[in-house]
Amino acid sequence: MHGVELRNLRLQDINLETKKIAISRSKLSTSTRTVVMTNDAYKAVLRLVDRAAKLNATKPKHFLFPYKIRKGIGYDPSKPVKGWRTAWRKLTKDAGLPGFRFMTSDTPSLRPMLNLAHPSRSFRPKLDTSRKG
């Protein structure tokens, strides 16, 4: 999933019973699709939905990642978060991967490096059968 797709996820797009996410806003208007969650993704989404509820995102039209009000305390669940550059940079620095980009983990040349950095995990390519050569 792309960052724009994650940022624009609404609670109504997530079906916890069928473990599916409907992507309605993407980089391309033709990229609307349904994503089936793996067990790990499902567990992560459950935690994110719980977090969203704690930030007052409780209605179907509310965003999974609500907008943080800059001048004030709290969140506006009717608007999506604008970005997470600062949080991502801190996370990658703390993980010992400064400069690591969000979509870089899907780059074939980096998989051997990631496997060395995290030997307990296997970074394998994702097969995308939806695109034609």
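A search of the whole structure finds 3 salt bridges, a salt bridge being a side-chain nitrogen of Lys or Arg within 4 Å of a carboxyl oxygen of Asp or Glu. The model is predicted: local features need pLDDT of at least 70, side-chain atom pairs count only at pLDDT 80 or more, and totals for chains, interfaces and linings use all residues. Residues are numbered from 1 along each chain as its sequence is written, and side-chain values use heavy atoms, leaving out hydrogens and water.

**Salt bridges**

Select E5 and R33, whose side chains meet at 2.9 Å, N to O. This pair links distant parts of the chain, with E5 in helix α1 (residues 3-7) and R33 in strand β3, 28 residues apart. Helices (H or I, at least four residues) and strands (E, at least two) are DSSP runs, numbered from the N terminus. E5 is buried, at 2% relative accessible area, while R33 is partly exposed at 34%. Here buried means under 20% relative accessible area, exposed over 50%, and partly exposed in between (1.4 Å probe, protein chains only).

Next, select K90 and D94, which form a salt bridge of 2.8 Å, N to O. They lie 4 residues apart in helix α3 (residues 85-94), about one helical turn, and both are exposed.

**Helix α2**

Move to K54 and D50, joined by a salt bridge of 3.3 Å, N to O. K54 is exposed at 65% relative accessibility, and D50 is partly exposed at 41%.

Now display the whole of α2 and colour Y42, V45 and A52, which are buried. Seen down the helix axis, the buried residues fall within an arc of 80°, so they line one face of α2; the arc is that of the directions from the axis to the C-beta atoms. On the other side, N39, D40, K43, R47 and K54 are exposed. What covers the buried residues includes β1 and β2, contact meaning heavy atoms within 4.5 Å.

**Sheet and core**

Select the strands: an open sheet of 3 has the order β1-β2-β3, with antiparallel pairing. Two strands pair if DSSP finds at least two bridges between them. The edge strands are β1 (14-15) and β3 (33-36).

Finally, select L9, I21, M37 and L64, the residues with the most contacts inside the largest nonpolar core, which has 14 residues. Such a core is a set of buried Ala, Val, Leu, Ile, Met, Phe, Trp, Tyr and Cys residues joined through side-chain atoms within 4.5 Å. Its largest share, 3 residues, comes from α2.
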